[in-house]
Amino acid sequence: MDTATVARFEASRHRLASIAYRLLGSAADAEDTVQDAFLRWQAADRDYVEVPEAWLTKIVTNLALDRLRSAKTRHERAVGTWMPEPLLDGDPMLGPADTVEQRESVTLAVLTLMERLSPTERAVYVLHEAFAYRHAEIAEILDLTVSASQQHLHRARGRITVARIGADLDHSAARRVVEAFVDAAASGRTDRLIALLTDDATGISDGVGGLATTLIRYASPQRLAGAVRAGFAPTEAKRRLVGGSPSIHAVVVNGCPAVLVSLGDRVLGVAILEMRADKIASMRSIAAPHRLGRITDAWVRSEHDAPLVESW
């Protein structure tokens, strides 16, 4: 394959990865999907490819849908341990963020809600809301009629908009949210934490070290605040478990304020805080190493603000 042909694919790589990530909720699977598309691009008779960007979009979208429909993927997502893979702000896989719909489509809340959609509904929603494809273009990509594409979008919006959580905080605002959260958690006072939460706040966690066999859910502000208070209490046993005294940082993850706990170049965990009306409506705590690979790589390469807690 000549250099120009490779360059043409590489020019679309970030956009293709962003589509695949939104469809799959996994950076690792998105990367594999894009690599599979590159192999198809290598093998294609490119003389018959009139618009390479459109051709590649169709290939990546359908490869991602094949993954969603596979028996292995359905089983993994059905056993109660699946969570979206978080991405640090600035990661090109997050894709476009010019509109509210684009920013919300990559929050962990919406990526989780998309699990309720059929693969086709999911694809129509992502292509239309996040990448501004017209229904005629989506129909061509998915081999649908235009009216079917419109119906899939209508159903998808109905299942997703009910729980939309804004993702419009800038870094300064996100840091203030995280700082207040960490201060309240470190105080050991449940009432201070509850004051930061909405009346219907909930939480979800993959457990200490990400080792929970099923996801742990906190169904009320009281349960969530109690779990956070206990989790933030430093002990020697916890330090031995992680291998030292980690630092605590305020970051933005998938468009939302987040607590990031690191030890050297290792990201030990992130807690993403989803906001509604200036309060925390949900917390998603992720510690499993296989979910933190890409965010760890990005963390090592990035410059960091001063930690909220230097040594926990």
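The legends below accompany close-up views of a predicted model.

**View 1. The aromatic pair of Trp41 and Trp55.** A search of the whole structure finds 3 aromatic pairs, and one of them is formed by Trp41 and Trp55, whose rings are tilted, with 5.7 Å from centre to centre and 50° between the planes. Trp41 belongs to helix H2 (residues 27-43) and Trp55 to helix H3 (residues 52-69), so the pair ties together parts that are 14 residues apart in sequence. The two residues are also described by their accessibility: Trp41 is buried, at a relative accessible area of 2%, whereas Trp55 is partly exposed, at 25%.

**View 2. The aromatic pair of Phe181 and Phe232.** The ring centres of Phe181 and Phe232 lie 6.0 Å apart and their planes meet at 85°, so the pair is edge-to-face. Because Phe181 lies in helix H10 (residues 171-187) and Phe232 in helix H12 (residues 221-232), this pair ties together parts that are 51 residues apart in sequence. Phe181 counts as buried, with a relative accessibility of 2%, and Phe232 is likewise buried, with a relative accessible area of 15%.

**View 3. Positive phi at Ala132.** Ala132 is not a glycine, although its phi is positive, at about 60°. This residue is placed in the loop between helix H7 (119-130) and helix H8 (135-142), and Ala132 counts as exposed, with a relative accessibility of 59%.

**View 4. Positive phi at Asp143.** Asp143, a residue other than glycine, has a positive phi near 55°. The loop that holds Asp143 runs between H8 and helix H9 (146-160), and Asp143 is exposed, with a relative accessible area of 60%.

Technical notes
Residues are numbered from 1 along each chain as its sequence is written. This is a predicted model: local features need pLDDT of at least 70, side-chain atom pairs count only at pLDDT 80 or more; totals for chains, interfaces and linings use all residues. Side-chain values use heavy atoms; hydrogens and water are left out. Rings of Phe, Tyr and Trp (its six-membered ring) pair if their centres lie within 6.5 Å; planes under 30 degrees apart count as stacked, over 60 as edge-to-face and the rest as tilted. Helices (H or I, at least four residues) and strands (E, at least two) are DSSP runs, numbered from the N terminus. Buried means under 20% relative accessible area, exposed over 50%, partly exposed in between (1.4 Å probe, protein chains only).
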